[in-house]
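Hi,

Here is the structure I promised to pass on.

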Amino acid sequence: MFIPTVPKSLLDYCCAPVPFVMGILSAFKKQVLQKPLEEVVFVDLDERNVKGQIDSKILPSSIVKEFRNNLKKLIRNAKGNEIEEEKISILFYEFFRKLIFDYEKYIVDGQFDLSKFIETKPKKERQFYEKFA
């Protein structure tokens, strides 16, 4: 799930136990940080840092490397602290698209065959897809 900017009325969704990417306005940062966020990773574009635990060893390394490089380039090329929301959205969209780009091949009679989907992934990436599912 990807929500570029979460409205104030939905900030509780930041604690949902599902994989997602959400953008929050800096005005709501304090409010969100007071919530139970054990498994949340923050990429703070205003402060230009990452907070939280990332088990990056299970993420597909080539996709992560490309994402990190693109994120660094986006931050480096930002004018002051202004980073265009659309560019961030595109960056995260591309990251997720590359993770699951071929999922449609594994939908048969309206049912997604997770085991076949995972079997087609390189062995070192399967743990990620099992946890992601």
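Below is what I found, going from the whole chain down to single residues.

Bear in mind that this is a predicted model. The mean pLDDT of the protein chain is 79, with 78% of its residues at 70 or more.

On the overall layout, you'll find five helices and six strands. Starting at the N terminus, they come in the order β-β-α-β-β-α-α-β-β-α-α. The chain has 133 residues, and 29% of them are buried. If you look at contacts between residues at least 6 apart in sequence, 35% of them join residues at least 24 apart.

Now for the inside. The largest nonpolar core has 18 residues, and the members that touch the most others are Phe67, Phe95, Leu99 and Tyr129. Helix H2 (61-76), helix H3 (85-100), H4 and H5 each give two or more residues to this core. There is also a second, separate core of eight residues, with Val6, Val32, Leu37 and Val40 among them.

Aromatic rings come up a lot in my notes: the structure holds seven aromatic pairs. In one of them, the ring centres of Phe67 and Phe92 are 5.0 Å apart with the planes at 55°, so this pair is tilted. Because Phe67 sits in helix H2 and Phe92 in helix H3, the pair ties together parts that are 25 residues apart in sequence. Both Phe67 and Phe92 are buried. Then there are Phe95 and Phe96, with ring centres 5.4 Å apart and planes at 75°, so that pair is edge-to-face. These two, Phe95 and Phe96, are buried as well. Leaving aside residues up to four places away in sequence, Phe95 touches Ile63, Val64 and Phe67. Look out, too, for the aromatic cluster formed by Tyr106, Phe112, Phe117, Phe128 and Tyr129.

Cheers

Technical notes. Residues are numbered from 1 along each chain as its sequence is written. This is a predicted model: local features need pLDDT of at least 70, side-chain atom pairs count only at pLDDT 80 or more; totals for chains, interfaces and linings use all residues. Side-chain values use heavy atoms; hydrogens and water are left out. A nonpolar core is a set of buried Ala, Val, Leu, Ile, Met, Phe, Trp, Tyr and Cys residues joined through side-chain atoms within 4.5 Å. Buried means under 20% relative accessible area, exposed over 50%, partly exposed in between (1.4 Å probe, protein chains only). Helices (H or I, at least four residues) and strands (E, at least two) are DSSP runs, numbered from the N terminus. Contact means heavy atoms within 4.5 Å. pLDDT is the predictor's confidence in each residue, from 0 to 100. Rings of Phe, Tyr and Trp (its six-membered ring) pair if their centres lie within 6.5 Å; planes under 30 degrees apart count as stacked, over 60 as edge-to-face and the rest as tilted.
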